[in-house]
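Try each task before you read its solution.

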Amino acid sequence: MLREGLICAAMQTRAFPPDGLPFRKMHGAGNDFVILDSRGMAPVCTPGLARAVGDRHRGVGFDQLAEIRDGENCDIALDFWNSDGSRAGACGNATRCVAAEWMTETGQDRVTIRTTRGVLRGEMRGEAVWVNMGPPVLDWAQVPLAREVDLLHLPIAGDPCGVGMGNPHAVFFVEDIDAVDVAARGAEVEHDPLYPEATNVEFVQVRSHDEVRMRVWERGTGITLACGSGACAVAVAAHRRGLTGRHVRIEVDGGWLELDWRDDGVWMTGPVARVFEGRLAPDFPAAGS
Ligand SMILES: N[C@H](CCC[C@H](N)C(=O)O)C(=O)O
C-alpha cells in the first residue's frame, strides 16, 4: 500500500511541468472552453482533470475542454471533454475557436482537424472562419420521439427530430421558446432511456424561412449559451421538417451562428474570442489523476 501511495504521489507531481500547464480560455458565442495544447507530447487530459479544471469555483470553468494533439495526415487533432468528465465526440464552437487560432498562428487560411468523427475542414472566407462539421447522421435515433414531446407539456410546432453530428442531438420545435423550462425538460430528455448514451437537447422557435432561435441543454454540461454541433443539428432538422432553407441564422443565448447545409456537410461560422491565457499550478489537485 505504501509503495502504491508513493507511486501515486510521484505521478501527481510529475504530470505537469514545474512552471505549470499552459492553457487558453476562449469562447464562441458564449460557449466557453479551456484549450490545452499537447502537440509533441502525450495527451494530459483525464476525466478527473476535466472535472477539476471545469469546476467554476475551484478550477477555471468551461463548457468543454478541447485538447489539441498532433494530427495524423492533417494539421491537428482535437479531443473534447465535458465538465462532468465525459467525452464529447464533437464540439463545433471549440472547433471554430481552435481553427481561428491555428489560422492566426500559421497565417494560413485553411486547416484540417482530426476528431473522433473524422477529419473536419476549416477555411477563412473574408473575415469569417467557417468549419465543415461533416454530414449529419439521420438514422442514429429512429426512436418514438412523440413520447418525448409528452415530456415537454408544451404546444409543439413540428415533429421533433434526432440528428447525429458526431454526437447525439434531440431537436424540439416549439411555438414559444420562452415558455420552455430548459433546465427541467433538458435534464429529463438528456437521460431518457431512449438514449443509451444520453443526448444533447435543443429547443427551437422558427421565426422565418432563414432565421430561428434556439436554446440548448448540453449532455454532460447543462445549459450553455450556444452549442455549435447543436446548431448544425437544428439547421438540418428544421430543413428536413420543411421549416427553413438550407442556409439559416440561429440566435442562441450568447449571440448568433450562421449555418449552411451543403452536399459535403454542415458548415458553420460565428464569433470567436480569446479571453485569457494561464497556467494550471503544478500541484493543481487533479494533476496526474
Ligand atoms: N458545445 C459543443 C457541443 C458539446 C456537446 C457535448 N455536450 C456532448 O456531450 O455531446 C458544440 O459547440 O458543439
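Helices (H or I, at least four residues) and strands (E, at least two) are DSSP runs, numbered from the N terminus. The model is predicted: local features need pLDDT of at least 70, side-chain atom pairs count only at pLDDT 80 or more, and totals for chains, interfaces and linings use all residues. Residue numbers start from 1 along each chain as its sequence is written.

**Exercise 1. Find where Asn73 and Ala198 sit, and say what their phi angles are.**

Step 1. Asn73 belongs to the loop between strand 3 and strand 4 (76-82). Its phi is positive, about 55°, although Asn73 is not a glycine.

Step 2. Ala198 lies in the loop between helix 5 (182-190) and strand 11 (200-208). Ala198 is not a glycine either, yet has a positive phi of about 65°.

Step 3. For background, most residues other than glycine have a negative phi.

Step 4. Now for burial: a residue is buried if 20 or more other C-beta atoms lie within 10 Å of its own, exposed if 12 or fewer, and partly exposed in between, with C-beta atoms placed from the backbone. Asn73 has 7 other C-beta atoms within 10 Å, so it is exposed. Ala198 has 15 and is therefore partly exposed.

**Exercise 2. Trace the partners of strand 2.**

Step 1. Start with strand 1 (residues 21-28), which runs antiparallel to strand 2 and is joined to it by 5 bridges.

Step 2. On to strand 3 (residues 64-70), which pairs with strand 2 in the parallel sense over 5 bridges. Here Ile35 has Ala66 of strand 3 as its bridge partner.

Step 3. Between strand 2 and strand 3 the chain passes through helix 2 (residues 47-54), and this β-α-β crossover is right-handed. (That is, with the strands pointing away from the viewer, the path from the first strand over the helix to the second runs clockwise.)

Step 4. Strand 2 (residues 31-37) is largely enclosed by the rest of the structure, because 6 of its 7 residues are buried.

**Exercise 3. Describe strand 9 and its hairpin.**

Step 1. In strand 9 (residues 161-164), Cys161 and Val163 point one way, Gly162 and Gly164 the other way, and all are buried.

Step 2. Strand 9 is antiparallel to strand 10 (residues 168-173), with 4 bridges joining them. Val163 has its bridge partner at His169 in strand 10.

Step 3. The hairpin has 3 residues between the strands, and Gly166 takes a positive phi near 95°.

**Exercise 4. Which residues does the UniProt annotation "active site" cover, and how far apart are they?**

Step 1. The UniProt record (an unreviewed entry) gives Cys91 and Cys227. They span 137 residues in sequence, but no two of their C-alpha atoms are more than 7.6 Å apart, so they gather at one spot. UniProt positions are in the numbering used here, feature names are shortened, and annotations may be inferred rather than shown by experiment.

Step 2. Cys91 is found in the loop between strand 5 (87-88) and helix 3. Cys91 is buried, with 31 other C-beta atoms within 10 Å.

Technical notes
Pairing = 2+ DSSP bridges.
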